[in-house]
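Me: I'm new to reading protein structures, and I'd like a close look at one part of this one. Could you walk me through the salt bridges, and tell me about anything else that helps me find my way around?

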Amino acid sequence: MSTGLGGETEEPHHHPVDALPPPWQLLAGGLQHIAAMVAGVVAPPLIIGAAVGIGAVEQGLLITASLFSAGLATLLQSLGWWRFGARLPLINGASFAAVAPILAIVGSSAHGDALPIVYGATLVAGVLATLAAPYFSRLQRFFPPVVGGTVITLIGLSLLPVTLNWVRGTGEGGGTRVPTANLAIAAVTLAVVLICHRFLRGFWRQLALLIGLVAGTLLAWPLGLIDTSTLRGAAVFGFVPPLHFGAPQFHAGAIISLCIVMLVVMTESTATMMALGEIVDRPADERTLADGLRAAGAGTALSAVLGGFPCGAFAQNVGLVALTRMHSRYVVATSGALLVLLGLFPVASGIVELVPKPALGGAGLVLFGTVAASGIRTLGRADLSDPVNTIIVGVSLFIGMTPIVAPSFYTGLPAPVVTIMGSGISAGCITAILLHQAFRIRARRAVGAEA
């Protein structure tokens with residue numbers, strides 16, 4: 001501590017990321033993050049469990065294992081330990097990038113061996129990702145504003161289908177007709193979030209999302225759109241012991257497939273950490289990226305033991321950080337602790353899941369749009385009057401949006417290509433990096449020729 005001119009002791013300055021809000025603000029902020037991401041954590045085990053053909057009880061345990069492992073991964077990512085954790089307000093959980101490859105593994109495995117093979121491959125992929133983190137983090141120098149801004153914009157745009165499916169009230173690929181009641185709930189939720197953000201001040205303004213979700217839920221109740229089945233069938237306590245679904249089995253094909261998935265997850269996580277660093281005004285340097293990627297790898301390996309799936313950064317929560325300006329990583333750490341409790345007490349997760357999907361969709365329009373706007377702001381630091389930069393942005397956005405507007409576009413190509421290009425974030429990110437490097441090499445050669 002230093003002493004001021006008046007003889008008073010000055011308090012050390014803390015970056016907003018490291019600030020510790022009061023307990024009630026931690027709890028309220030943590031609940032907002034849970035509401036924004038719990039559907040994303042629950043969806044992969046629901047889809048994979050249905051493909052494996054396990055019963056309702058085992059399906060519930062698969063979900064609680066995913067919640068529990070996501071909580072531990074989030075705590076490691078936000079609080080950090082040694083060289084593990086980005087120490088940013090970053091949520092980690094089951095990545096949707098792994099779902100399609102895991103379904104392929106399930107389809108080619110014997111019924112009783114599917115999950116052990118998946119967990120063996122996940123364990124190896126997580127360990128290898130942890131070891132590769134310091135090398136992968138060197139990509140940071142390949143992210144100038146023209147690349148970083150493009151990728152951040154893609155993160156927001158790629159989440160648009162998630163929002164629309166929530167408003168529709170179905171999973172991916174649902175029907176084309178949207179019920180009027182769903183539109184009403186989404187519109188009311190969106191309106192309440194915007195009104196609260198416009199007229200409230202201080203911490204109440206930061207709770208705009210939570211207030212909007214409560215309003216949307218209350219509107220959905222008399223319309224009969226609240227699904228209480230998960231709450232009625234949920235057990236009070238449901239801890240899943242390690243290796244509950246079988247000891248890991250190691251098959252080369254499955255391991256290769258999920259290692260490719262982890263490359264995609266690491267690319268997405270790198271982009272998400274850089275986007276978050278821009279938002280909270282603490283740019284993610286090479287060490288931060290390495291520590292964050294180590295945590296993602298370690299979280300994935302731990303998930304394999306606990307019954308979860310490959311872990312990656314949740315981009316939707318980046319939008320919440322941008323919207324609420326609650327930059328403290330301890331708010332997200334509270335979310336991690338709440339996820340652990342949801343994994344231990346399934347009845348609590350049933351209460352969270354009462355929030356109707358259309359309400360999440362209305363809030364998602366604000367959340368994900370805010371991320372895209374942050375990307376556009378970053379692009380403002382690039383010289384878009386330069387035709388080269390314009391080409392990099394335009395081509396990368398188009399390639400990144402391809403799997404979003406045409407999900408089956410790459411069907412029939414080799415599985416590794418489908419896995420990498422099927423993620424709009426990874427496809428756009430790789431394209432932007434390659435184009436930027438190609439044009440930069442050409443520019444260097446031109447300068448050398450002139451010299």
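Reply: Happy to! Keep in mind that this is a predicted model. Let's begin on the surface, where V236, F237, F239, L341 and F345 form a nonpolar patch with about 470 Å² of accessible area together. One of its members, F237, sits in the loop between helix 10 (229-232) and helix 11 (252-279). Is F237 buried or exposed? With a relative accessible area of 51%, F237 is exposed, because the cut-off for that word is over 50%.

Side chains of opposite charge can pair when their charged atoms come close.

Start with D18 and R282, whose closest N and O atoms are 2.5 Å apart. D18 belongs to the loop between strand 2 (9-10) and helix 1 (23-52), while R282 belongs to the loop between helix 11 and helix 12 (286-306), so this pair ties together parts that are 264 residues apart in sequence. D18 counts as partly exposed, at 23% relative accessibility, and R282 counts as partly exposed too, at 25%.

Next come R83 and D291, which meet in a salt bridge at 2.9 Å, N to O. R83 is in the loop between helix 2 (56-79) and strand 3 (92-94) and D291 is in helix 12, so here the parts tied together are 208 residues apart in sequence. R83 is partly exposed at 23% relative accessibility, whereas D291 is buried at 4%.

A further pair is R381 and E278, with 3.1 Å from N to O. This pair also links distant parts of the chain: R381 lies in the loop between helix 16 (357-379) and helix 17, and E278 lies in helix 11, 103 residues apart. E278 counts as partly exposed, at 28% relative accessibility. There is a network to look for as well: salt bridges that share partners join R83, R287, D291 and R294.

Helix 17 covers residues 387-405, which is 19 residues, and spans 26 Å from its first C-alpha to its last, close to the expected 27 Å. At its start, a side-chain oxygen of D386 comes to within 3.0 Å of the backbone nitrogen of V388. Further along, the buried residues of helix 17 include I392, V393, G400 and I404.

Key:
Residues are numbered from 1 along each chain as its sequence is written. This is a predicted model: local features need pLDDT of at least 70, side-chain atom pairs count only at pLDDT 80 or more; totals for chains, interfaces and linings use all residues. Side-chain values use heavy atoms; hydrogens and water are left out. Patches are made of residues with over 30% relative accessible area and no salt bridge: like charges are joined within 9 Å, nonpolar side chains (Val, Leu, Ile, Met, Phe, Trp, Tyr) within 5 Å. Accessible areas come from the Shrake-Rupley method with a 1.4 Å probe; for residues, only the protein chains shown count as cover. A salt bridge is a side-chain nitrogen of Lys or Arg within 4 Å of a carboxyl oxygen of Asp or Glu. Helices (H or I, at least four residues) and strands (E, at least two) are DSSP runs, numbered from the N terminus. Buried means under 20% relative accessible area, exposed over 50%, partly exposed in between (1.4 Å probe, protein chains only). The expected span of a helix is 1.5 Å times one less than its number of residues. A polar contact is a pair of N or O atoms within 3.5 Å; within protein, one must be able to donate a hydrogen and the other to accept it, and residues adjacent in sequence count only if both atoms are side-chain atoms.
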